[in-house]
Amino acid sequence: MAMSSAITHHLPPPPSFNLNKSPSSWSCSLLHNSEAGPTTSTTRRGGALSTWRPRAPLFKLSSSGNQTAAVESPATGPVVVVASTAEVVRKFYGGINGRDLSSVADLISDDCVYEDLIFPRPFVGRKEILDFFENFMDFVEKDLQFVIDKLSTEDSSAVGVTWHLEWKGKTFPFSRGCSYYELEVINGKRQIIYGRDSVEPAIKPGKAALVIIRGVTWLLQQFPQLADRL
């Protein structure tokens, strides 16, 4: 008992804090748990008590498999992590498969250019592109679905996709294709600004295509002025 009293007697006194010093000399440690709120400090300035309460960061997580996070700070406000190029393109194909035009609209920029190489000219602007897909949905039954074979994920601004069509789970004939998409972050959302689709032709010319290419190049060599009409 005497030894215990001696040890207690020689313990150093608890540290004292002078809260009247300038704010630059203050130091504080914040402790958060799942039940308690943020720590507060009370100071006396000019005879009045003032309370300082630190604002805790706010974290939000989506419930989907591809989670995105938003971090809010007092200085900068919400900072949203936008979807990746691969996520946007997968959602794009999902919207077409689900015949959900409203979910596709938000993935396309206002001035997007979309080329489907079986058509004579590109579709320009969100409205014209949505009209094209609406026409596609009216003509093609929902049982015909796009299936992504491979999708590139290395580039944050462009994506290459190979795909085919399936009818009720079975491969549809002459339906293989590849697509290329360019994307940009616009107003906090990653959107498609350019797309090109190349689809497997139903008629396959084989070596005849090489003969046609050689014939056209011969004509251009003989009559260079024809190049202006290409």
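Leucine 219 lies in helix H5, which spans residues 207–222, where helices (H or I, at least four residues) and strands (E, at least two) are DSSP runs numbered from the N terminus. The model is a predicted one, in which local features need pLDDT of at least 70 and side-chain atom pairs count only at pLDDT 80 or more, while totals for chains, interfaces and linings use all residues. Residues are numbered from 1 along each chain as its sequence is written, and side-chain values use heavy atoms, with hydrogens and water left out.

**Chain as a whole**
- The protein chain has five helices and 12 strands.
- Of the 230 residues in the protein chain, 23% are buried (buried means under 20% relative accessible area, exposed over 50%, partly exposed in between, with a 1.4 Å probe and protein chains only).
- Carbon and sulfur atoms account for 59% of the accessible surface of the protein chain, which comes to about 16,800 Å² (areas come from the Shrake-Rupley method with a 1.4 Å probe; for residues, only the protein chains shown count as cover).

**Leucine 219**
- Leucine 219 is partly exposed, its relative accessible area being 38%.

**Asparagine 97**
- Asparagine 97 belongs to helix H2, residues 85–97, and is buried, with a relative accessible area of 11%.
- When neighbours within four places in sequence are left aside, asparagine 97 is in contact with Lys142, Gln145 and Phe146, contact meaning heavy atoms within 4.5 Å.
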